[in-house]
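Please look through the sequence and the model below before reading on. The paragraphs that follow take up a few places in turn.

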Amino acid sequence: MTDLEAAGAPARLAKPNIRPKRPYFSSGPCAKPPGWTPQSLDTSALGRSHRGAIGKARLQEAIERTHALLRLPSDYRLGIVPASDTGAMEMAIWSLLGTRPVTMLAWESFGAGWVTDVAKQLKLDAEIRTAEYGQIADLAGIDPANDLVFTWNGTTSGARVPNGDWISAERTGLSICDATSAAFAQDIDWAKIDAGTFSWQKALGGEAAHGMLVLSPRAIERLEREPAPRPLPKIFRLTKSGKLIDGVFKGETINTPSMLCVEDWLFAVGWAERMGGLDALIARSDANAGALDQWLQSAEWIEHLAKDPTIRSNTSVCLQFADRSDVEANRVRQKAIAKLLEAEDAAYDIGAYRDAPPGLRIWCGATVDTADIEALGPWLDWAWEACR
């Protein structure tokens with residue numbers, strides 16, 4: 001019997017002897033695809049103009065292959081835009097909203113940011129529906145004449161919409177969706193989305209600073225027939241002389257992109273294609289989230305932030321401490337656990353988002369291997385025992 005056991009204290013867990021081979025569990029930038037190395041990238045476009053034949057061809061290839069991988073409707077347009085998912089969402093919000101009332105749904109920090117844009121910056125007539133972290137807003141009875149802004153998957157709360165059935169197929173308003181931690185990992189009903197956005201650094205582990213904007217024919221019609229009732233900076237402009245700037249959706253980017261990031265994205269898309277496409281990516285994410293949930297069933301000290309499995313994310317899985325009697329103490333524990341596991345090269349960047357309840361956030365997207373999620377569980381238990 002150890003001295004701790006003799007004193008009635010629980011014995012410390014032994015340090016696990018198997019580490020995750022790739023301990024990259026950050027929710028953005030996310031893990032690179034398995035097999036990625038810098039030497040994997042084609043550098044022939046580097047040092048060349050993005051408007052030249054080589055650069056433009058690579059940008060157009062990135063658009064076309066991404067469009068196919070996501071299985072977007074054939075008449076939807078996809079373009080590369082500046083400033084990551086945030087830039088894409090700002091472009092959609094500022095360019096499309098303002099001619100009719102809008103319904104805003106928010107249940108975590110990024111959704112709350114879009115509410116701030118619409119209600120406080122643009123000062124639009126907005127119905128605002130919110131929910132606490134781990135829940136989603138009321139989806140019932142949304143006026144189909146209103147424009148709609150929401151996140152498909154709450155990156156900082158681990159809660160997502162269960163499907164797109166609640167969005168009216170007969171809507172006259174536009175639906176604008178931040179899909180950045182859902183795209184490539186969840187079955188998005190794109191027919192219900194008029195403007196969708198995501199970034200390269202999320203579910204396929206690309207590099208940051210580039211966003212992608214999906215536009216339906218209805219969104220394009222709005223842009224051309226009902227111009228935004230406000231001046232727009234150049235970086236947001238999608239029309240010229242009342243017509244869509246077609247080049248944005250053919251690789252003629254608004255500003256200068258990083259061609260190294262483009263090549264990195266093409267590598268990620270190629271990996272996804274080789275894995276079997278969208279269905280395989282969703283299956284990998286589901287398997288990862290399932291493996292984490294299986295470990296969680298035996299962990300008494302931590303639990304899902306999103307208690308309802310029908311709205312629980314399979315990418316940014318958010319966990320909260322079971323004992324929530326002392327929030328500040330839990331924030332200290334969160335930082336200590338994350339720091340200890342990073343020092344052990346067992347898990348990187350797994351602390352909960354700063355505005356979320358104290359706990360952990362584990363990225364389970366398709367670029368993570370299930371074996372690494374399985375190896376992570378014992379390390380989480382060990383770190384909890386070591387830090388509490």
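Does Arg71 count as buried, partly exposed or exposed, and at what relative accessibility? The relative accessibility of Arg71 is 46%, so this residue counts as partly exposed. Arg71 sits in the loop that runs between α2 and β1, the strand of residues 77–82. The backbone there deserves a look as well: phi of Arg71 is positive, about 55°, although the residue is not a glycine. Most residues other than glycine have a negative phi, and most peptide bonds are trans.

The model is predicted, and the confidence values should be read along with the coordinates. The average pLDDT of the protein chain is 96, and 97% of the residues score at least 70. Residues 1–9 have a pLDDT below 50, and this stretch has five contacts in the model beyond near neighbours in sequence.

Ser241 is found in the loop between β8 (239–240) and β9 (243–244). With a relative accessible area of 75%, which is over the 50% cut-off, Ser241 is exposed. The other feature is a peptide bond: Gly28 and Pro29 are joined in cis, with omega at about -5°. Pro29 belongs to the loop between α1 (3–6) and α2.

Helix α2 spans residues 53–70 and includes Arg58. Is Arg58 buried or exposed? Its relative accessibility is 17%, and the limit for buried is under 20%, so Arg58 counts as buried. Which residues does Arg58 touch, leaving aside its neighbours within four places in sequence? The contacts of Arg58 are with Asp42, Ala45, Met259, Val262, Glu263 and Leu266.

Helix packing comes next. Two packed helices are described by the angle between their axes and the distance between the axes. For helix α3 (residues 84–96) and helix α4 (residues 109–121), the axes cross at roughly 35° and come within 11 Å. The crossing of α3 past α4 is right-handed. On the α3 side, Asp85, Thr86, Met89, Glu90, Ile93 and Trp94 make the contact, and on the α4 side Trp114, Asp117, Val118 and Gln121 do.

Helix α8 contributes Arg333, Ala336, Ile337, Leu340 and Leu341 to the contact, while α9 contributes Trp379, Leu380, Trp382, Ala383, Trp384, Ala386 and Cys387.

How many disulfides does the structure hold? The number is zero. Cys318 takes part in no disulfide, and its nearest cysteine sulfur is that of Cys364, 10 Å away. A disulfide would need the two sulfur atoms within 2.5 Å. Cys364 is likewise in no disulfide, and the cysteine sulfur nearest to it is that of Cys318. Relative accessibility is 6% for Cys318, so this residue counts as buried. Cys364, at 0% relative accessibility, also counts as buried.

Terms used: Residues are numbered from 1 along each chain as its sequence is written. This is a predicted model: local features need pLDDT of at least 70, side-chain atom pairs count only at pLDDT 80 or more; totals for chains, interfaces and linings use all residues. Side-chain values use heavy atoms; hydrogens and water are left out. Buried means under 20% relative accessible area, exposed over 50%, partly exposed in between (1.4 Å probe, protein chains only). pLDDT is the predictor's confidence in each residue, from 0 to 100. Contact means heavy atoms within 4.5 Å. Helices (H or I, at least four residues) and strands (E, at least two) are DSSP runs, numbered from the N terminus. Axes are lines fitted to C-alpha atoms, for helices over the stretch in contact, and angles run from 0 to 180 degrees between N-to-C directions. A crossing is left-handed if the near helix is turned anticlockwise from the far one by less than a right angle, and right-handed if clockwise.
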